[in-house]
Amino acid sequence: IADAGRFLRSLDVRGLSDRTIRSYGFDLLVIYRWLKKRKRRFSKSLNHADLEAFIATEKLRGARPSSINRRLTTFEIYYRYCFGGEMRRATRVSYPSPYYKGAGRDKRLGLFRRKKPVGLKLRVKMPRTLVEPLDDKEVNEFFQHVHRYRDLSIVLLMLFCGLRSNEVLSLELENIDFTLRQIRV
């Protein structure tokens, strides 16, 4: 458990946000509780079969796929931090099947071919959620309830510029360049 404290401090040194570090800490708590119930220690002997058992336990607890996947990532990053390498693959574990995406290029330069990943990570399938767009009548009804220019500008910035609510709330007047018609986020 002392390693967990050092791990979280190293995340702080890297400059991750307090909320990110807090979520890593909570994930580590869930992992250590799971290990305690199984009478296991966080050791180099852990492998992907243990991760699969962790997934089964989390599903029984009612955890959502996104939460399970985040905890699996935390598990793997923490394992790499503690032991300096990747967790061992295991037999009789259902890994995702690879699919062909082509050779691919480095996204930053576009010149060099990317190496294919050695193996796909063990993850829970996430259901795709479809967003139902509002029809014209619903949009007009919504805008009839927006009376203040401030509220209207917030809605339009989020709708047409793709800003998140936190980005809109942190905007200052000096972030807006009226001559170039640009917003610095």
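**A first walk through the model**

Student: Let's begin with one residue. Which residues is Leu-35 in contact with, leaving aside its neighbours within four places in sequence?
Tutor: Leu-35 is in contact with Arg-40, Arg-41, Phe-42 and Leu-46. Keep in mind that this is a predicted model.

Student: How is the confidence, then? What does the pLDDT average?
Tutor: The average is 85 for the protein, and 86% of the residues score at least 70. Among the elements, helix 2 has the highest mean pLDDT, 94. Strand 2, residues 182-183, has the lowest, 86.

Student: How many helices and strands are there?
Tutor: Seven helices and two strands. Along the sequence the pattern reads α-α-α-α-α-α-α-β-β.

Student: Back to Leu-35. Which residues touch the most other members of the largest nonpolar core?
Tutor: Leu-35 is one of them, along with Phe-42, Phe-54, Phe-75 and Tyr-78. That core has 28 residues.

Student: Which elements give two or more residues to this core?
Tutor: Helix 1 (2-13), helix 2 (18-37), helix 3 (48-61) and helix 4 (65-83) do. Helix 2 gives the largest share, eight residues.

Student: Lots of ring names in there. How many aromatic pairs are counted?
Tutor: There are 14 aromatic pairs. Take Phe-42 and Tyr-79: their ring centres are 6.2 Å apart and their planes sit at 65°, so the pair is edge-to-face.

Student: Where do Phe-42 and Tyr-79 lie?
Tutor: Phe-42 is in the loop between helix 2 and helix 3, while Tyr-79 is in helix 4. The pair therefore ties together parts that are 37 residues apart in sequence.

Student: Is Phe-42 buried or exposed? And what about Tyr-79, buried or exposed?
Tutor: Phe-42 is buried, at 12% relative accessible area. Tyr-79 counts as buried too, at 3% relative accessibility.

Student: Which residues do the ring pairs link into a cluster?
Tutor: Phe-42 and Tyr-79 are among them, and so are Phe-7, Tyr-24, Tyr-32, Trp-34 and Phe-54. The cluster also takes in Phe-75, Tyr-78, Tyr-81 and Phe-83.

Student: Tell me about helix 4. How many residues does it have, and how far does it reach?
Tutor: Helix 4 has 19 residues and reaches 27 Å from its first C-alpha to its last. That is close to the 27 Å expected at 1.5 Å a residue. Helix 4 is followed by Gly-84, whose phi is positive, near 75°.

Student: Which residues of helix 4 are buried?
Tutor: Among them are Ser-67, Ile-68, Asn-69, Arg-71, Leu-72, Phe-75 and Tyr-78. The cover over the buried residues of helix 4 includes helix 1, helix 2 and helix 3.

Student: New topic: Leu-8. Where is it found?
Tutor: Leu-8 is in helix 1.

Student: Which residues is Leu-8 in contact with, leaving aside neighbours within four places in sequence?
Tutor: Ile-21, Tyr-24, Gly-25 and Leu-28. Leu-8 and Ile-21 are 13 residues apart along the chain, and their C-alpha atoms are separated by 6.4 Å.

Student: Last one, the whole protein. What share of the residues is buried?
Tutor: Buried residues make up 25% of the 185 residues. The protein exposes about 15100 Å², and carbon and sulfur atoms supply 55% of that area.

Methods: Residues are numbered from 1 along each chain as its sequence is written. This is a predicted model: local features need pLDDT of at least 70, side-chain atom pairs count only at pLDDT 80 or more; totals for chains, interfaces and linings use all residues. Side-chain values use heavy atoms; hydrogens and water are left out. A nonpolar core is a set of buried Ala, Val, Leu, Ile, Met, Phe, Trp, Tyr and Cys residues joined through side-chain atoms within 4.5 Å. Buried means under 20% relative accessible area, exposed over 50%, partly exposed in between (1.4 Å probe, protein chains only). Helices (H or I, at least four residues) and strands (E, at least two) are DSSP runs, numbered from the N terminus. Contact means heavy atoms within 4.5 Å. Rings of Phe, Tyr and Trp (its six-membered ring) pair if their centres lie within 6.5 Å; planes under 30 degrees apart count as stacked, over 60 as edge-to-face and the rest as tilted. Accessible areas come from the Shrake-Rupley method with a 1.4 Å probe; for residues, only the protein chains shown count as cover. The expected span of a helix is 1.5 Å times one less than its number of residues. pLDDT is the predictor's confidence in each residue, from 0 to 100.
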